[in-house]
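Thanks for coming. I have one structure to go through today, and I will take it piece by piece. Please have the sequence and the model open.

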Amino acid sequence: MEIAIKHIGRLPKAKIILDGLTVIAGENDTGKSTVGKVIFSIIKAASMAATNQHCQLMNTMVNLVFDSQISNQGEVIVQDKGIPIYSVNFSQHQCVRFDCRQPDSSHFFKESTFIQTPLVWDLVDFFDTVLRLKQNQEMTQNIASFSIKYPYIFWDVYVKITNTPVNKDSQTNDLVNNIRQIIQGSFEQRDKRIVFQRQQESILLMNVAAGIKYFGLLQRLAENNQLKPEHLLIIDGPENHLHPEWQLLLAKLIVNLVHQHKVSVLINSHSPYLIEALKVYSDISINNKTHFYFNELTNEGVKVKEV
């Protein structure tokens, strides 16, 4: 699947292939996160919108993900093997056209998760409160409406790591067990709250190291059926919270996720440890489904080239 981007954020032009593992490297402020955010937003709009409501939903996503600042005059085209799927046009930071070329196509992702930080765990109590307020507002007409602004990307991850399905997918058991071995414990539900369980000790989330929390997000997503072949997992700068040794373990885990579980992964990073490890591990098993890109800041703007 190819994503063609024109004049979105800092990116004058870019073509990104999503076909297994996609890695984007580059300096700060070269649009690496923008790629993930715009793809995330399109997937959400495409999966949630009813017929002829895609543009309206896309504007909602632009507001939630980009704070209504995406492009003065831009375009994103999604195609699979040369077959157009979606064409999205922006003007004055609004979606003005969202064409569905293949509205019933099974080629596009059904869901996407954007992991920006493990500190989502620190917001669990806050989001629990927000959720209760929303539920009370829906049930009781007399309660005054309220508005609380929070990052939608964080909320989306919160919902996915806290909502445990009745029927769990046993196909990810090996992935979950691998994560538990790395962090020497697991994130579990105890007395209506999630804690980090290490042997017989229940550790409150605020007292858990950021690196453990990062792997904990992947553990809960896998357990809660959120890592599937039709899902896109977007990982933004994970090295900020991981020791180099754990970066190598994460790289091996990601390649396994793509190879064994057929989950597509888009990851951006500054870390030579992580990028090199992804290259080494992917060459072994998914060489034909791996694409590396480098975002370079030039006099003409940011250039995205495959390397």
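I will begin with strand β1 (residues 2–8), which pairs with strand β4 (residues 73–80) in the antiparallel sense over five bridges. Two terms first: strands (E, at least two residues) and helices (H or I, at least four) are DSSP runs, numbered from the N terminus, and two strands pair if DSSP finds at least two bridges between them.

Before going on, this is a predicted model: local features need pLDDT of at least 70, side-chain atom pairs count only at pLDDT 80 or more, and totals for chains, interfaces and linings use all residues. Residues are numbered from 1 along each chain as its sequence is written, and side-chain values use heavy atoms, with hydrogens and water left out.

Back to β1. Ala 4 stands opposite Ile 77 in β4, and the bridge partner of Ala 4 in β2 is Lys 15. Strand β2 covers residues 11–17, and six bridges join it to β1 in an antiparallel arrangement. The two strands form a hairpin with two residues between them. In that turn, Gly 9 has a positive phi of about 60°.

One is His 7, with phi near 55°; His 7 lies in β1. Its relative accessibility is 47%, so His 7 counts as partly exposed. The cut-offs are under 20% relative accessible area for buried, over 50% for exposed, and partly exposed in between, with a 1.4 Å probe and protein chains only. The other is Lys 81, also with phi near 55°, in the loop between β4 and β5 (83–91). Lys 81 counts as exposed, at 80% relative accessibility.

Next, the open sheet. What is the order of its six strands? The order is β7-β11-β12-β3-β13-β14, and the pairing is mixed. At the edges stand β7 (111–115) and β14 (301–306), each with a single partner strand, so one side of each has no neighbour in the sheet. From one strand to the next, the twist averages 15°. Five bridges join β7 to β11 (residues 231–236), and these two strands run parallel. Within that pairing, Thr 113 has Leu 233 in β11 as its bridge partner.

Helix α1 (residues 32–48) lies across β3 (21–26), β7, β11, β12 (264–269) and β13 (290–298). It runs at about 150° to β7. For angles like this one, axes are lines fitted to C-alpha atoms, for helices over the stretch in contact, and the angle runs from 0 to 180 degrees between N-to-C directions.

His 231 is in strand β11. Is His 231 buried or exposed? His 231 is buried, with a relative accessible area of 8%. Leaving aside residues up to four places away in sequence, His 231 touches Phe 109, Glu 111, Asn 225, Gln 226, Val 263 and Ser 264. Contact here means heavy atoms within 4.5 Å.

Asn 225 follows helix α6 and has a positive phi, near 60°. Helix α6 (residues 210–223) has 14 residues and reaches 20 Å from its first C-alpha to its last, close to the 20 Å expected at 1.5 Å a residue. The expected span is 1.5 Å times one less than the number of residues. Of the 14 residues of α6, 13 are buried, so the helix is largely enclosed by the rest of the structure.

Helix α7 (residues 244–261) packs with α6 at an angle of about 5°, the axes being 12 Å apart. The two helices are therefore roughly parallel; that label is for angles under 35 degrees, with over 145 roughly antiparallel, 65 to 115 roughly perpendicular and the rest oblique. Gly 211, Ile 212, Phe 215 and Leu 218 in α6 meet Trp 246, Leu 249, Leu 250 and Leu 253 in α7.

Last, the aromatics. How many aromatic pairs does a search of the whole structure find? The search finds 15. Rings of Phe, Tyr and Trp (its six-membered ring) pair if their centres lie within 6.5 Å; planes under 30 degrees apart count as stacked, over 60 as edge-to-face and the rest as tilted. Phe 108 and Phe 109 have ring centres 6.0 Å apart and planes at 55°, so this pair is tilted. Both Phe 108 and Phe 109 are buried.
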